[in-house]
Amino acid sequence: MAGRNVSEEYIEGYARILADAAATGRRLTREELDSRRSLGEQAAEAGLGLRALVGAHLAATRVHWPTGNGVSVDSVLGAAAQSLDAFAEGYERAQRQAVRQEEATRREFIDDLLYGRSDLGLLAQRAERYGLRLSFAHAVAVAHGAVAYDEADPVPREVERALIGRFGDRNILLTTKDGRLVCVAPGDQDDVLTYFAKQAFAATHGGRVAIGRPQPGAAGVVQSYEEALNTLDLAERLGLDEPVLRAADLLVYPVLTRDRQAMADLVESALGPLREARGGAQPLLDTLTVYFDAGCVATEAARRLSLSVRALTYRLERIHKLTGADPADPVHRYTLQTAVIGARLLDWPAKPF
């Protein structure tokens, strides 16, 4: 960078202000300070470095050092300090504005990327600025913690540092959305999302992470993101306790709920009679849930329910009597187990059909 050009363009009027203010030892006027701030903003917008600009001011001070009766070193340095302080204030103000604008642009891009609200061709061009090549497949992982996060919080920064330290800039986008951590990575780099899940689980102190399937193109990012969100929702409704869940491992559940009315009919037909039980349907539904989760092993199910095997057996017999389906019979078990899954997905009987 040429110091001469800096002096001429961004220190215009500095020598005159220095001479006038130093002659009387007065402070700079409001107009003089505003002129320095304006030049500082212009220099920042031009992309010039503050270090070089400060050097140019110091060089101009030496060259144009005021002389004459009544001019003291203190008055010259005081005027120079006021000028430089106002110049730096304008420079920093322009930088803050640029940062805010960049943050707004990035947030707009992230919203468009995850919701698919922009022209796909234009979105692909914008994505290159953030290291994403949307012509390839991408997968999205979403981490949900006990509290909501934004990009300025320590947790996202901690996870981002860990990812960059491990993989460098491998076309990874880490951000936050609706209080959750979101990681977008190339679809053939599952190790990135696996490591993200590990770091997010630790940083959120046990938060849950869901990973969508790799999907091609810009629309694929939206699809993978929605799969991850739906997986988190499934985990909540089904009471799944695994810290990391993959949408590919849970595809049966969206299939089961695709026809909601058919599933509701199955739940009502298979489990509706449990309402006649003493205490309602919920206790016996919980019994079936634990029994199936325990692999239909009565001793293990009884342990999980803090019951004796005899008490568990009585409950299973009661279910058989009310529904006509025997949980221990392989022929009946499939219908009952599917109905139990449907009940959990539909939040029955808490939410009647």
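Author: The model is a predicted one, and Asp178 is placed by it in the loop between strand S2 (173–177) and strand S3 (180–186).

Reader: What makes the phi of Asp178 worth a remark?

Author: Asp178 has a positive phi of about 55° although it is not a glycine. Most residues other than glycine have a negative phi.

Reader: Why is Ser306 called exposed?

Author: The relative accessible area of Ser306 is 69%, and since exposed means over 50%, Ser306 is given that label. Ser306 lies in the loop between H13 and H14, and although it is not a glycine, its phi is positive, at about 60°.

Reader: Why is the pair of Phe167 and Tyr195 called edge-to-face?

Author: The ring centres of Phe167 and Tyr195 are 5.6 Å apart and their planes stand at 80°; rings pair if their centres lie within 6.5 Å, and planes over 60 degrees apart count as edge-to-face, so this pair is edge-to-face. The pair links distant parts of the chain, with Phe167 in helix H7 (residues 154–167) and Tyr195 in helix H8 (residues 190–203), 28 residues apart. Both Phe167 and Tyr195 are buried, and a search of the whole structure finds four aromatic pairs.

Reader: How do you know that the charged end of Arg166 sits over the ring of Tyr195?

Author: The charged end of Arg166 is 4.6 Å from the centre of the Tyr195 ring, where the limit on that distance is within 6 Å, and it is given as sitting over the ring.

Reader: Which residues have the most contacts inside the largest nonpolar core?

Author: They are Leu271, Leu274, Leu288, Phe292 and Trp348, in a core of 29 residues. Among the elements that give two or more residues to this core are helix H11 (260–271) and helix H15 (330–346), while the largest share, seven residues, comes from H12. A second, separate core of 23 residues includes Ala141, Tyr149, Phe167 and Ala185.

Reader: What does Trp348 touch, leaving aside residues up to four places away in sequence?

Author: Trp348 touches, among others, Val267, Leu271, Arg275, Leu285 and Phe353. The peptide bond from Trp348 to Pro349 is cis, with omega near 10°, and Pro349 lies in the segment after H15. Most peptide bonds are trans.

How values were computed: Residues numbered from 1 in each chain as written. Predicted model: local features only at pLDDT ≥ 70, side-chain atom pairs only at ≥ 80, totals over all residues. Heavy atoms only, no water. Core = buried A, V, L, I, M, F, W, Y, C linked by side-chain atoms within 4.5 Å. Buried < 20%, exposed > 50% of the residue type's maximum accessible area, 1.4 Å probe, protein only. Helix = DSSP H or I, 4+ residues; strand = E, 2+ residues; numbered from the N terminus. Contact = heavy atoms within 4.5 Å. Phe/Tyr/Trp six-rings, centres within 6.5 Å; stacked < 30°, edge-to-face > 60°. Lys NZ or Arg CZ within 6 Å of the ring centre and 35° of its normal.
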